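Dear colleague,

Please find below the structure that I am handing over to you, with its sequence. My findings follow directly after it.

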Amino acid sequence: MTVTETASQTPVREALADAVATLGGATREGQVLMADAVAQALADEEHLLVEAGTGTGKSLAYLVPSLLHDSRVVIATATLALQHQLVERDLPRLVKAIGSRPGVDASYAVLKGRSNYACLHRVREGAPDDQGTLVDVPMGPMAEKVLELRSWAEKQAEKGGSGERDSAPRHTDREWRQVSVNHRDCLGAAKCPFGEECFAEVARDKAQKSHLIVTNHSLLAIDAIEGVPMIPEYDAVVIDEAHELVARVTQAATDELTAAEVERAARRAQKHIEGSEADDLADASDALRAAINESSPGRFVTLPEVISDALVLVRDAARSAISALPKPKDSESADPGFQQAKGGLQEVFTTAERMAAASEHDVIWLNEGGDPQRNNARPPRLCVAPLQVWAQMREKLLTEKTVVFASATLKLGGDFGPVAGSLGLKAEERTEVGVGAQRTDDVLPWIGLDVGSPFDYGKQGILYVARHLPPPGRDGMGAKTLDEIVDLVDAADGRTLGLFSSRRAAEAAAEVVRQKLPHLTTLAQGDAQLPELAAQFVADPHTVLFGTLSLWQGLDVPGDTCQLVIIDRIPFPRPDDPLMSARQQAADKAGGNGFMQVAATHAALLLAQGAGRLIRTTTDRGVVAVLDARLATARYGGFLKASLPPMWATTDPDVVRKALKRLSEMASA
């Protein structure tokens, strides 16, 4: 993208300059370029993919032009952390800085799914049990916590608070469910005696009156792609953390079914149905349980007859039970037990119908459940997910709205193509600024822009590939790899974040480091809650933190605390992952390269995110050590390395250890 000569006089640049000056920041070229591009994309109705490296200040770069845009803009994030940052820090400061400027509509609101707000009906009237009977006071060990949450919700109502889960006293998911409802169980504002006070409805009303709405990827997917109205009408959407969008949309469109859920739906319906339909559904749940027990976990390329027959039984029994529900009188229409029973039956029917159809556009598999030894035991469950989501995004989002996709990781293999294709954008639709390409199938043209990074990766970071190590195997890490980890951690004197492909690998490495380097503090994911581990990691530089996926993307630790990031292996999807293997096979069948389009693209995205944990400020220094020789030896290695920040690269272990020791000595001085 080239900046026009008159761009320096634009209202967006002037507003951005005022905001940066007021907030005490410094002008960053990448931030200015991004703000220009976002403003132009919104004005010209062109989709924009913008890669903005860490430290660019991309939040301001899209918030300023969004506030200046003449129609409502939705900001969608993947994580609650970023959503919280925007609403609690960035937007209030920005509004204070430029809210009085001409042309700025500074109104904004946050919008979340209904279950993220306390429900005053449930708080005041109690939660229905499985028979639909209201239970006023919870029993058992969680009673005290639920009563605390109820008291908190009442105080929120008195003071005009948001009632959002994020501001509630500390609690578990199970405890929160006692004071909240999902959209299925909600009575609706018109029927609920507390509808005027409802936290979720108040949030929707505020959003209806606001120029800017901050929400999350999942709610955006439900609204735009599933067609369930969740967000007030809007003109454009900025999707931050856009590298996560496909996964979040897939997650929102994934359904599960267990025999226990079917049985629960039947039990809840029994109070409201006079005939045998609820009993028939209970019998169908037994058939489903037997079918699941007879089947092996994994993907069903063709639905087994025993599973198919059981799903048809569940589908038909649920349909009959729904038809048997009486039409509620006015007094019953506000009955939460009835609403819960009806919603449960509808959900069972919809999911069973989808699975029984066995569409070629869906992937169905049997998940064997959780691991009781890790306290995450879950019953075996049938799962169904869309084979692809790019077509739905193309048809239902990209044709209706102007979309800005923003992330620090959108170019994989040095190109926007892989990510653009996964989002529903075609290569022939790509254009340049000011060219004005024509629409294809009513989809707007798109622009790819890399605004760079304020970091000098070549001087600040080293990419070390341990080429001398044996390739990783299925039986876990070998002795040489574990020795390499110990040597690197020792050279860094702690200050290490270890990103592993499995919980087992992280725990094994942590155990060896504890034994051989007892003077260091070694933490493994699972030892405590993640925020607690992160705080301990930051507090003591002589600490090592090993973990899995949530650390690859969710940890921001600038400074000397983290001078070494270890990645145990290239994070390809597991060969037995039902959805990823199905997508890879579909790409091969369509004449593409399934490995590169699916597996390598997935690995490149995670590698880039993981490597991005190292350099978070202009003064950070350190090493990203990849203990997988394939990054240096395999043909796809070039694609993967081109997805990483441009650090100085080496395969020499002695060079890396000396560099880590120097960094450690400088940090300790």
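This is a predicted model: local features need pLDDT of at least 70, side-chain atom pairs count only at pLDDT 80 or more; totals for chains, interfaces and linings use all residues.

The buried residues in question are Gly30, Gln31, Val32, Leu33, Met34, Ala35, Asp36, Ala37, Val38, Ala41 and Leu42. Just after helix 2, Glu45 adopts a positive phi of about 55 degrees.

The axes of helix 11 (residues 259–269) and helix 15 (residues 336–357) come within 9 Å and cross at roughly 145 degrees, and the crossing is left-handed. On the helix 11 side, the contact involves Glu261, Val262, Ala265, Arg268 and Ala269, which meet Gln340, Ala341, Gly344, Leu345 and Val348 of helix 15. Of the residues in this contact, six are nonpolar, two polar and two charged.

Finally, there is an open sheet of four strands, in the order 8-11-10-9, with antiparallel pairing. Strand 8 (255–257) and strand 9 (298–299) are its edges, each pairing on one side only. Strand 8 is joined to strand 11 (residues 381–386) by three bridges, and the two run antiparallel. Within this pair, Leu257 stands opposite Leu382 of strand 11.

Yours sincerely

Terms used
Residues are numbered from 1 along each chain as its sequence is written. Side-chain values use heavy atoms; hydrogens and water are left out. Two strands pair if DSSP finds at least two bridges between them. Buried means under 20% relative accessible area, exposed over 50%, partly exposed in between (1.4 Å probe, protein chains only). Axes are lines fitted to C-alpha atoms, for helices over the stretch in contact, and angles run from 0 to 180 degrees between N-to-C directions. A crossing is left-handed if the near helix is turned anticlockwise from the far one by less than a right angle, and right-handed if clockwise. Contact means heavy atoms within 4.5 Å. Ala, Val, Leu, Ile, Met, Phe, Trp, Tyr, Cys and Pro count as nonpolar, Asp, Glu, Lys and Arg as charged, and the others, Gly among them, as polar.
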